[in-house]
Every structure is written in C-alpha cells, then in structure tokens.
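These are my notebook entries on one protein chain. I set out what I looked up, topic by topic, with the criteria I applied.

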Amino acid sequence: MSTQSRKHRGYRTQRVVAEYLRAWYPYAEPTGAGRQGSDILGTPFDVEVKAVTKFSPLGWIKQIKERKSDKLAFVVLRCNGQGEKAGDYVVLLPLQDFMKVLNG
C-alpha cells in the first residue's frame, strides 16, 4: 500500500469514526492528517484513530499518555479487513482508565 493510500485510509477512518460518534456527540468532527492532539474533535474524549497494519499498542498508549489531556483518552483501531463499520472497531485504553469507565 502506498503512502498516499495509507494516508487516505487513515483520514477516511477518522471520518467514519466521527460519523459513528455523532449519534452521541453531534459535533464530532475528524481533524485530518498532520494535526497534533485528538483525531476527533467535538467530544469529551481524546481520541486517537489508527488504521494500520503494524500492531503497536504500547506505542499508541504512550502517544495518548504523552498528551497529558484531562479527557479520557483511548485509541480506536481499525483492523485490516474491517471495512467501514465503526461499531466493530477495537478500543484500547489503559486498564486504570477502563476501570474508571466501568465504575464511574
């Protein structure tokens, strides 16, 4: 896959995730490529969207932790072959943050 194809797939994935989140957060918008911070604006979360072949969960978790955001931060991962059904994508977050979600 060319660099241009990967960028297009990544940005398209951001759009698909933002569209999915609009059911709960009507102002959810993708930021586009090359911008620092959350990939989706208009939500109470810090969202990092990944549509990659290489599986690097530790690097992605470090990436969201380095932002030092006050928002709950997580990674949305579109695995190869998943298509554009965002509800089936995987979410990664540190266990301590997951427990906060479970226990409010």
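I call a residue buried when its relative accessible area is under 20%, exposed when it is over 50%, and partly exposed in between, with a 1.4 Å probe and protein chains only as cover. I take helices (H or I, at least four residues) and strands (E, at least two) as DSSP runs, numbered from the N terminus.

The model is a predicted one, in which local features need pLDDT of at least 70 and side-chain atom pairs count only at pLDDT 80 or more, while totals for chains, interfaces and linings use all residues. Residues are numbered from 1 along each chain as its sequence is written, and side-chain values use heavy atoms, with hydrogens and water left out.

**Entry 1. Helix α1**

For its 19 residues the expectation is 27 Å, and the end C-alpha atoms are 27 Å apart, so the two agree.

Which residues of α1 are buried? I found Arg9, Thr13, Gln14, Val16, Val17, Ala18 and Leu21. Their cover includes strands β1 (29-30), β2 (40-41), β3 and β4, where contact means heavy atoms within 4.5 Å.

I then followed Tyr20, which also belongs to α1. Its relative accessible area is 38%, so I list Tyr20 as partly exposed. Leaving aside neighbours within four places in sequence, Tyr20 is in contact with Ala86 and Gly87. The C-alpha atoms of Tyr20 and Gly87 lie 7.2 Å apart, although 67 residues separate the two in sequence.

**Entry 2. Salt bridges**

Side chains of opposite charge can pair when their charged atoms come close. My criterion for a salt bridge was a side-chain nitrogen of Lys or Arg within 4 Å of a carboxyl oxygen of Asp or Glu. How many salt bridges does the structure hold? The count is eight.

I looked at the pair of Glu48 and Arg67, with an N to O distance of 2.0 Å. This pair links distant parts of the chain, 19 residues apart: Glu48 is in strand β3 (residues 45-50), and Arg67 is in the loop between α2 (57-66) and β4 (72-77). Glu48 is at 5% relative accessibility and therefore buried, whereas Arg67, at 22%, counts as partly exposed.

Glu29 and Arg22 form another salt bridge, at 3.4 Å from N to O. I noted both partners as partly exposed, with Glu29 at 39% and Arg22 at 30%.

For Asp88 and Lys85 the N to O distance is 3.9 Å. Asp88 is partly exposed at 45%, and Lys85 is exposed at 56%. Elsewhere, shared partners join Asp46, Glu48, Lys50 and Arg67 into one network of salt bridges.

**Entry 3. Aromatic rings**

A pair of aromatic rings is described by the distance of the centres and the angle of the planes. I paired rings of Phe, Tyr and Trp (its six-membered ring) if their centres lie within 6.5 Å; planes under 30 degrees apart count as stacked, over 60 as edge-to-face and the rest as tilted. The search of the whole structure gave four aromatic pairs.

Why is the pair of Phe55 and Trp60 edge-to-face? The ring centres are 5.8 Å apart and the planes stand at 90 degrees, so the pair falls in that class. I recorded Phe55 as exposed, at 57%, and Trp60 as buried, at 7%. I also found a cluster in which ring pairs link Tyr25, Phe45 and Phe74.

**Entry 4. The loop between α2 and β4**

Lys68 lies in this loop. I noted a positive phi of about 55 degrees for Lys68, which is not a glycine. Is Lys68 buried or exposed? Its relative accessible area is 71%, so Lys68 is exposed.

Asp70 is in the loop between α2 and β4 as well. At 85% relative accessible area, Asp70 is exposed. Asp70 and Phe45 are 25 residues apart in sequence, and I read 8.8 Å between their C-alpha atoms.

Terms used:
The expected span of a helix is 1.5 Å times one less than its number of residues.
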